Amino acid sequence: MPDRTPHTTSTTERGSFCSARCDCGWRGPARRARSQARTDAERHLVDAAPGTAPHRPRE
């Protein structure tokens, strides 16, 4: 089994919005709150971890 590249997330700002991004190409939605963009990035890391189920938003 080949080694998986670790996911590295960051946030970027554009105007008054902040988005989370990952080296794998994933991109979170634009948020006004930086803290929410960081939370999106943390959820992506959990979802991308081997052996975890994908995150499903609450209804």
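Contact, as used in this briefing, means heavy atoms within 4.5 Å. By that criterion, and not counting residues up to four places away in sequence, Thr8 touches Arg21, Cys22 and Asp23. The structure is a predicted model, in which local features need pLDDT of at least 70, side-chain atom pairs count only at pLDDT 80 or more, and totals for chains, interfaces and linings use all residues. Residues are numbered from 1 along each chain as its sequence is written, and side-chain values use heavy atoms, with hydrogens and water left out.

**Overall architecture**

- The protein chain has one helix and two strands; helices (H or I, at least four residues) and strands (E, at least two) are DSSP runs, numbered from the N terminus.
- Along the sequence, these elements follow the pattern β-β-α.
- Of the 59 residues in the protein chain, 17% are buried; buried means under 20% relative accessible area, exposed over 50%, and partly exposed in between (1.4 Å probe, protein chains only).
- The protein chain exposes about 5000 Å², and carbon and sulfur atoms supply 49% of that area; accessible areas come from the Shrake-Rupley method with a 1.4 Å probe, and for residues only the protein chains shown count as cover.
- Among contacts between residues at least 6 apart in sequence, 16% join residues at least 24 apart.

**Helix 1 and its buried face**

- Helix 1 has 15 residues and reaches 21 Å from its first C-alpha to its last, close to the 21 Å expected at 1.5 Å a residue; the expected span is 1.5 Å times one less than the number of residues.
- The buried residues of helix 1 are Ala37, Asp40, Ala41, His44 and Ala48. Seen down the helix axis, these buried residues fall within an arc of 95 degrees, so they line one face of helix 1; the arc is that of the directions from the helix axis to the C-beta atoms.
- Glu42 and Val46, on the other side of helix 1, are exposed.
- The buried residues of helix 1 pack against strand 1 and strand 2 (17-22).
- Ala41 lies in helix 1 and is buried, with a relative accessible area of 6%. Leaving aside neighbours within four places in sequence, Ala41 is in contact with Thr9, Ala20 and Trp26.
- His44 belongs to helix 1 (residues 34-48) and is buried, at 10% relative accessible area. Beyond its neighbours within four places in sequence, His44 is in contact with His7, Thr9, Cys22, Cys24 and Trp26.

**Surroundings of Thr8**

- Thr8 lies in the segment before strand 1 (9-14) and, at 43% relative accessibility, counts as partly exposed.
- Thr8 and Cys22 are 14 residues apart in sequence, and their C-alpha atoms are 5.5 Å apart in space.
- Ala41 and Thr8 are 33 residues apart in sequence, with 9.1 Å between their C-alpha atoms.

**Cysteines**

- A disulfide is a covalent bond between the sulfur atoms of two cysteines. The rule applied here requires a pair of cysteine sulfur atoms within 2.5 Å, and by this rule the count comes to zero disulfides.
- The closest cysteine sulfur to that of Cys22 is in Cys24, 3.6 Å away, which is too far for a bond.
- Cys22 counts as buried at 9% relative accessibility, and Cys18 is also buried, with a relative accessible area of 2%.

**Salt bridges**

- A search of the whole structure finds two salt bridges; a salt bridge is a side-chain nitrogen of Lys or Arg within 4 Å of a carboxyl oxygen of Asp or Glu.
- In one of them, the side chains of Arg34 and Glu13 meet at 2.7 Å, N to O. Arg34 lies in helix 1 and Glu13 in strand 1, so the pair ties together parts that are 21 residues apart in sequence.
- Arg34 counts as partly exposed at 48% relative accessibility, whereas Glu13 counts as exposed at 52%.
- Asp40 forms a salt bridge with Arg31, the closest N and O atoms being 2.9 Å apart.
- Asp40 is buried, with a relative accessible area of 7%, whereas Arg31 counts as partly exposed at 28% relative accessibility.
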